[in-house]
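Trainee: I am new to reading protein models. Could you walk me through one, feature by feature?

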Amino acid sequence: MADATMSYQPALASGEAIAARRRFRILRKLLHHRSFMVGFVIVLVMVMAALLAPLTGIDPNKMAIRFRFRPPQDAYWFGTDQFGRDLFTRTLYGAQLSLWIGLSVAVLSGVIGAAIGVLSAQFRRLDSLLMRIMDALMAAPAILLAIGLGAALGPQTHSVIIALAVAYIPRTARIVRASALVTRELEFIEAARVAGASSLRIMFRHLLPNATGPLLVQSTFVFAYAILAEAALSFLGIGPPPPAPSWGNIIAEGRSFAVQSWWIMLFPGFAISLAALGMNLLGDGLRDVLDPRLKVEG
Amino acid sequence: MAAPLLEVNDLTVRFRTDAGWMTAVDRVSLAVGEGEALGIVGESGSGKSVTALSILRLHAGPTTRMPTGKVMYGGRDLLGLPMRDMRAIRGSEIAMIFQDPMSSLNPVLTIADQIGESLRLHQGLDHATARRRAVELLDLVRIPDAARRVDEYPHRLSGGMRQRVMIAIAIACRPKLLIADEPTTALDVTIQAQILDLLRDLQAELGMSVILITHDMGVIAEFARRVMVMYAGRVVETAPVGQLFRRPLHPYTDGLLAAIPKLDVDVRRLPAIPGSIPDPTAVIPGCRYSPRCPMVQARCRTEAPDLLPAGPERQARCPPRVAALEHAA
Amino acid sequence: MYRGILMRLSQAVPVLLIFSVMVFMLMHLLPGDPAQAIAGPDASPEAVDKIREQLGLNRPLPIQLLEWFSHLAVGNFGESLVLKQTVVSAVIERLPVTLSLSFISLVITLPVGLGLGVVAAYWRNTWIDACVMVTALLGVSLPGFWVGILSVLYFSVTLGWFPPSGYVPLSEGGLWLWFSSLIQPAVVLALFQIGFLARITRSAMLDVLDQDFIRTARAKGVDEWTTISKHAFRNTLIPVVTVLGITLSLLIGGSVVIEQVFALPGIGRLIVQGILARDYPLVQGTMLLFGFAFVVINIIVDIIYTFVDPRVRYG
């Protein structure tokens, strides 16, 4: 038995070298993919904008009633809102919020979804139970579930993150499970099991790495959905509470003054669209490179 | 020989790939007489399939440059024909069957619908008549229980039966020429024999010409009257089948023949031709086969050989061998 | 075929059970005391307790759960605390609005989404493909509620073509008024669905166009239009139908937000207002109805799927 396991090790090592070379090739293909690079640049610009927000030196929540309802002009690039707050600064800080929420939701749903997916694929008895629960979570539209959960947890940033993550976990789990099931049918899994590999090892060394392609693609799309969903939730009043400069909040606040002060509502909307666009392009690029035949899942 | 049914002159087909333009078919000429069985043999990548697809202009779209040369049929050049006339010829006068019967049939349409489509299109039959004719055709291609099978979907049929259905579709309108692109490659050996028998019988009954494309010399021996050998996009030898097997005139043909396993000879290892086919985008001076040729001479590497006549219905692209033949004669 | 339906229904039961429990637990997570909310801010503690007793809120959770299930078994989905009517009647009142909105939106989405996808796939890598895909990308990236507000600003306020909000029932205003109150929200709702559907359809169509049987059709002399519509499109529907359930889910989810933006008294708006008002019986009952409806929709989609793909038909 010990001999069998020992001879199993070197086979894996050379497999890793091959994997490293493949990763480099994938990176090169990505750099040449037009959609991916455009999306990447957009996301990069937004991340920089979000990180450099403090450089404006202006407090996003500072009210200056004297300067309210100023249209976009010299000092106020995006104008001011009903409280005289500088909208450009608020939009930048809103980027911090939205990107942070998007990232958290994507990572959280990715990690938990992947765990559930791999466990379901490996342990068939667990599979029925877990998949029933996933189906139950998907019985209501994602945004409805998020609204319910978000309202239950209270109007805070982290409730939005948890609510959206829970809404997207089942979809991610399904994709990872599908990939893991296919991997499991491959012959080398049988070989690994005969060589004495434990279930845990199989899951981590084989099922999970082979699922990273679909997982990554799904997570970028979840990021995009999360940005849009968070904006909607904030708009409905179930997101980070005012005066947090969430883009959804700004739009909600600016709605009442939309006819006179159209700029309040306009720029955050562009920001949301740009962020979602960037992530969608990124996701498209990843999908084309990692596996053009991937099924597109909502 | 009487006027050929189909004559291909200097057909050249080029593809654009990531590595640049490649010439898949390089000035290939062939002719098929009425009722004749012509075999085209060569390895994968020799250009035989592309040649066949080009006759009906079925090669894939945007990456192919329009083929040059002429494909003469019925006094017209098919390559210059307007699409609507081309479509009238496809399926009714010249028909084609392909290699993989599993994927060549539409999974969501019934057999009756797929056979009937040709009949309705080219012969103007109505649905009921077309369906009856489809059952007759299934009988003709020896599918048992045809009346029931005709209403089924392709996924219920085995590979051999699907290929018979493909044949039925192809001969539905009694075409003058049937092009069969590796029709038996994807099938079991026993089914292969049945399909070849069927093709042979149909050819005799319907008086069709057949172009049979394959990489299997055994199939050629069984079926063809005349054979054309292709290598790296060019014709390297044509001959009546008996002469090809008895006295080949090109080293590549030698190699193909030597690789056939024989029942009455005991060998340790099957001989294989060393090396592999050249990179399609590479330009090779001299003879394309020279890197692998066991009897290569100095001038083979520098002078590109022409296809030389070597007797009635014989040509070969190997000057040393043709010269040797003339000396022997 | 009926055995298949029965089997799917029986598989749906545990899912619905789990879903019901989830909804129940969700509602008890909602902060705020409903008994207090009903009694009013200056009611005495005894009055609040009495209401709590009446509503059965002081009993342990598992008992409340069982009670709720027993109510459900007889079709009692609960009573709204705020609206003072049964959940079922509240939903039925608002059903026509949501159904009309979804229907018009679907009628726009399906042909446009499928059509764009087919066009993009047939002319792949040309400017047509690029245009369609950029449009589809914008569709899935623009936030619906924002586009809705902008649309109202332009089409209702500036141009005055359509009403900015509110719903006009068929019976009251006739066909045009009913339609004009719904067309804006329906189109805004459709934008995301069209983008989503077009992308999937294009991908599916590209796969189908590469298949051998398309070459067979052309070899038979079939013209391009028939090749695409009869041979290619019917096969494209197979993967597209599998995402039909997801598309409908996105549609209903989107309508929840859109109904808020356009002040349409539909079921989506009902739920949101119920959540914001802590009207937990209403939210519980309505969510449950949503869940049931959804499971039924999925079964219907499965059945449609067997019609589209003959390989799945037997058993």
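Predicted model: local features only at pLDDT ≥ 70, side-chain atom pairs only at ≥ 80, totals over all residues.

Trainee: Which pair of chains shares the most contacts?

Mentor: Two pairs of chains are in contact, and chains A and C share the most contacts.

Trainee: What about chains A and B: how far apart are their closest C-alpha atoms?

Mentor: They lie 13 Å apart, and no contact joins chain A and chain B.

Trainee: Now the inside. How do I read a core?

Mentor: Start with the general idea. In soluble globular proteins, nonpolar side chains tend to be buried together. Now the case here. The largest nonpolar core has 161 residues. Those that touch the most other members are A:Val105, A:Ala146, A:Ile147, A:Leu164, A:Ala226, A:Ile227 and A:Ala232. Helix 8 (residues 199–236) of chain A brings the largest share of this core, 18 residues.

Trainee: Take A:Val105. Which residues is A:Val105 in contact with, leaving aside its neighbours within four places in sequence?

Mentor: The partners are A:Ile161, A:Leu164, A:Ala165, A:Tyr168, A:Val222 and A:Ala226. There is also a second, separate core of 88 residues. Its members include B:Ile55, B:Leu119, B:Leu138 and B:Leu212.

Trainee: How do I read a sheet?

Mentor: Ask for the strand order, then the direction of pairing. One open sheet in chain B has four strands in the order 2-1-4-5, with antiparallel pairing. Strand 2 (20–32) and strand 5 (76–77) of chain B are the edge strands, each pairing on one side only. Strand 4 (residues 68–73) of chain B meets strand 5 of chain B over two bridges. Across that pairing, B:Met72 stands opposite B:Asp77.

Trainee: What is the strand order in the open sheet of eight strands?

Mentor: It runs 6-7-8-3-9-10-12-11 in chain B, and the pairing is mixed.

Trainee: Why is one side of strand 6 and of strand 11 of chain B left without a neighbour in the sheet?

Mentor: Strand 6 (94–97) and strand 11 (308–309) of chain B stand at the edges; each has a single partner strand, so one side of each has no neighbour in the sheet. Strand 6 of chain B runs parallel to strand 7 (residues 177–181) of chain B, joined by four bridges. One bridge pairs B:Ala95 with B:Leu178. Helix 11 (residues 251–258) of chain B packs on this sheet and touches strand 3 (37–41), strand 9 (226–231) and strand 10 (234–240) of chain B.

Trainee: And chain C: how many helices and strands does its secondary structure have?

Mentor: Chain C has 13 helices and zero strands. Buried residues make up 44% of its 315 residues. Its C-alpha atoms fill a box of roughly 85 × 55 × 35 Å along the principal axes.

Trainee: At what angle do the axes of helix 7 and helix 8 of chain C cross?

Mentor: For two helices, read distance, angle and handedness. The axes of helix 7 (residues 144–158) and helix 8 (residues 170–209) of chain C come within 10 Å and cross at roughly 145 degrees. The crossing is right-handed. Helix 7 of chain C contributes residues including C:Gly144 and C:Phe155, and helix 8 of chain C residues including C:Gln184 and C:Phe192. By class, this contact has eight nonpolar, four polar and no charged residues.

Note on methods
Residues numbered from 1 in each chain as written. Chains lettered and ligands numbered in written order. Core = buried A, V, L, I, M, F, W, Y, C linked by C-beta atoms within 7 Å. Buried ≥ 20, exposed ≤ 12 C-beta atoms within 10 Å, placed from the backbone. Contact = placed C-beta atoms within 7 Å. Pairing = 2+ DSSP bridges. Axes fitted to C-alpha atoms, helices over the stretch in contact; angles between N-to-C directions. Left-handed = near helix turned anticlockwise from the far one by under 90°. Nonpolar A, V, L, I, M, F, W, Y, C, P; charged D, E, K, R; others polar.
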